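Morning, everyone. Please bring up the structure on your screens.

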Amino acid sequence: MNVLDNKWVLRKKYKADGTLERLKACLVAKGFQQTPGVDYFDTFSPVVKSSTLRIMFTLVVTYNWDIQQVDINNAFFNGELNETVYMQQPKGFVNPQYPTHVCKLQKTVYGLKQTPRAWYEKLKSAMVSWGLINFVSYNSLFFSNKNEKLLVILIYVDDMLITGEDTAAVNHLISSQLPVCLKSYGISTINLGLVLKPTKLLTLEGFSDADWACNLDDRKSNTSYYVMFGSTLITCGGQKSKRLLLVLAQNLNTDPCLLLPLK
């Protein structure tokens with residue numbers, strides 16, 4: 001039987017203005033002691049892509065939608081534990097009658113490897129019961145189109161961004177369904193390096209280019225691309241080609257170059 005150790009993590013929680021809000025103590029299991037296939041199997045944590053966030057923020061500023069960031073209170077304690085996991089009694093809460101006994105966990109705690117996955121499954125089932133739809137190929141995105149009013153929710157582990165066309169629907173979801181603690185980071189995002197401007201026409205455009213073997217040392221190409229949604233850059237990248245290109249030309253002054261990959 002694998003019995004996990006644990007520890008108390010003590011932290012100070014601050015408000016948005018920097019003042020002390022409260023002192024927090026969290027029980028954390030030492031998940032690195034878990035054994036694959038014994039006390040945990042699959043792991044997963046929902047993380048939204050940065051390009052999706054940029055698209056969402058662009059829609060918000062263009063159509064003047066209300067947006068809320070929501071933090072779920074003690075999110076990881078809400079997951080249902082399907083595996084059999086044993087843990088030592090927490091320090092300061094040892095039963096004096098049974099000091100050598102261990103705890104059989106019924107729900108997830110912080111530190112377990114399967115905790116984020118169990119929390120997501122719990123959240124997903126709740127979202128679906130509320131009438132929201134989860135993208136099959138994108139687990140971090142939920143949406144609904146009730147009364148032809150779009151409502152979008154993005155999941156980042158235990159934080160959520162909620163926005164949509166109907167402000168009343170956003171506030172109703174937060175107040176009536178979620179046991180939440182709202183966090184406000186102010187109105188301006190310029191000091192965070194995030195500046196978004198509304199645009200009249202939202203079009204999705206992609207551009208790419210390559211320098212065609214212009215590296216004089218190894219004759220490999222550099223390729224780059226970027227994608228715009230309206231006036232917002234949502235993703236970009238570049239890389240060096242992994243294959244060498246051979247240039248064959250009978251006459252560089254008159255005939256075009258033929259590029260062939262070398263095996």
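Start with Lys 49. Lys 49 sits over the face of Tyr 138, 5.9 Å from the ring centre. Now find Lys 113. Lys 113 lies over the face of Tyr 40, at 5.9 Å from the ring centre. Keep in mind that this is a predicted model.

Next, rings against rings. How many aromatic pairs are there? The count comes to 7 aromatic pairs. A pair of aromatic rings is described by two things: the distance of the centres and the angle of the planes.

Take Phe 44 and Tyr 120. Their ring centres are 5.3 Å apart. Their planes stand at 70 degrees, and the cut-off for edge-to-face is over 60, so this pair is edge-to-face. Where do the two residues lie? Phe 44 is in the loop between strand 3 (20–29) and helix 1 (50–63). Tyr 120 is in helix 2, residues 115–129. So the pair ties together parts that are 76 residues apart in sequence. Tyr 120 is buried, at 2%.

Now Phe 76 and Tyr 110. Here the ring centres are 5.0 Å apart. The planes meet at 40 degrees, so the pair counts as tilted. Phe 76 lies in the loop between strand 4 (66–72) and strand 5 (86–88). Tyr 110 lies in the loop between strand 6 (102–104) and helix 2. So this pair ties together parts that are 34 residues apart in sequence. Phe 76 is buried, with a relative accessible area of 11%. Tyr 110 is buried too, at 16%.

On to helix 3, residues 167–176. Which residues of helix 3 are buried? Val 170, Leu 173 and Ile 174. They cover an arc of only 95 degrees around the axis, so they sit on the same side of helix 3. The face away from the buried side carries the exposed residues Ala 168, His 172 and Ser 175. Then look at the N-terminal end of helix 3, where Asp 166 is the cap. A side-chain oxygen of Asp 166 lies 3.1 Å from the backbone nitrogen of Ala 168.

Last, the cysteines. The disulfide count is 0. Cys 103 is partly exposed, at 24% relative accessibility. Cys 236 is also partly exposed, at 49%.

How values were computed. Residues are numbered from 1 along each chain as its sequence is written. This is a predicted model: local features need pLDDT of at least 70, side-chain atom pairs count only at pLDDT 80 or more; totals for chains, interfaces and linings use all residues. Side-chain values use heavy atoms; hydrogens and water are left out. A disulfide is a pair of cysteine sulfur atoms within 2.5 Å. Buried means under 20% relative accessible area, exposed over 50%, partly exposed in between (1.4 Å probe, protein chains only). Helices (H or I, at least four residues) and strands (E, at least two) are DSSP runs, numbered from the N terminus. The arc is that of the directions from the helix axis to the C-beta atoms. A polar contact is a pair of N or O atoms within 3.5 Å; within protein, one must be able to donate a hydrogen and the other to accept it, and residues adjacent in sequence count only if both atoms are side-chain atoms. Rings of Phe, Tyr and Trp (its six-membered ring) pair if their centres lie within 6.5 Å; planes under 30 degrees apart count as stacked, over 60 as edge-to-face and the rest as tilted. A charge sits over a ring if NZ of Lys or CZ of Arg is within 6 Å of the ring centre and within 35 degrees of the ring normal.
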